[in-house]
Amino acid sequence: MPNPTAAMLVIGDEILSGRTRDANMHHLAGQLTEAGITLAEVRVVSDDHDAIVRALNDLRDTWDTVFTSGGIGPTHDDITADAVADAFDVHIDVRDDARALLAAHYARTGAELNAARLRMARIPEGATLIDNPVSIAPGFSIGNVHVMAGVPSVFQAMVATVLPTLTGGEPMLSTSTRIDRGEGDIAGPLGILAQDYADLSVGSYPFQKDGKFGSNIVIRGQDRARLEEATARLATLLG
């Protein structure tokens, strides 16, 4: 059976403008690979309500699970929760359990639970909270969608909370072989390898170092013996 699939929706003008480098996709991809869940698609959208709704509905209808990052903070441009509520056609409002978490946190820190911070307690009807041990303000899950913060430390903590609740598959294994020859020289043998081992993924990732061209050949699959066989065959094909 194929592994379960997932998609990620990255939300934020700061990502698209280049002001912020997204680290969450890299982290999520690694965690899902270890869990045997295939990250099949990643989209980045601006802080635009309709764009978030369209992308989310498309992704959740296509893949088994969707993770979002960004847009659930206290400022006016944090609109993800409202967009998710509209995507699922449910009501959204401040929820008592989320409010209680924030109230206790700000009481401990001596800060005021003002109207801006209370925005982070607005949860779509029917959603369950995602624990946030870093800064308390929760994410939430609704249907097959998990809505998480964009701050990497918080995102990572939320992923750690959600992943154990998901059904995974066989972990993806890989081998990597460095070839100090240009892709044009090795394309033919690689094509033969990919054809002979169609059940595996064969990728070529070129590099240039000290004026010389080379490539890292990565073979991925779930059968270790098959991977080792293909890697040995690669060495034979390339001499």
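**Helix crossing and an open sheet**

The crossing of helix 3 and helix 4 is right-handed, a term used when the near helix is turned clockwise from the far one by less than a right angle. This is a predicted model, in which local features need pLDDT of at least 70, side-chain atom pairs count only at pLDDT 80 or more, and totals for chains, interfaces and linings use all residues. Residues are numbered from 1 along each chain as its sequence is written, and side-chain values use heavy atoms, without hydrogens and water. Helices (H or I, at least four residues) and strands (E, at least two) are DSSP runs numbered from the N terminus.

**The helix pair**

- Helix 3 (residues 49-62) and helix 4 (residues 80-88) pack at about 55°, with their axes 9 Å apart; axes are lines fitted to C-alpha atoms, for helices over the stretch in contact, and angles run from 0 to 180 degrees between N-to-C directions.
- The two helices, helix 3 and helix 4, are therefore oblique to each other (under 35 degrees is roughly parallel, over 145 roughly antiparallel, 65 to 115 roughly perpendicular, the rest oblique).
- Residues making the contact (heavy atoms within 4.5 Å) include Ile52 and Leu56 of helix 3 and Val84 and Phe88 of helix 4.

- Three strands form an open, antiparallel sheet in the order 9-11-10; strands pair if DSSP finds at least two bridges between them.
- Strand 9 (173-179) and strand 10 (201-209) are the edge strands, each pairing on one side only.
- Seven bridges join strand 9 to strand 11 (residues 212-221), and threonine 175 has isoleucine 219 in strand 11 as its bridge partner.
- Helix 8 (residues 183-196) lies across strand 9, strand 10 and strand 11.
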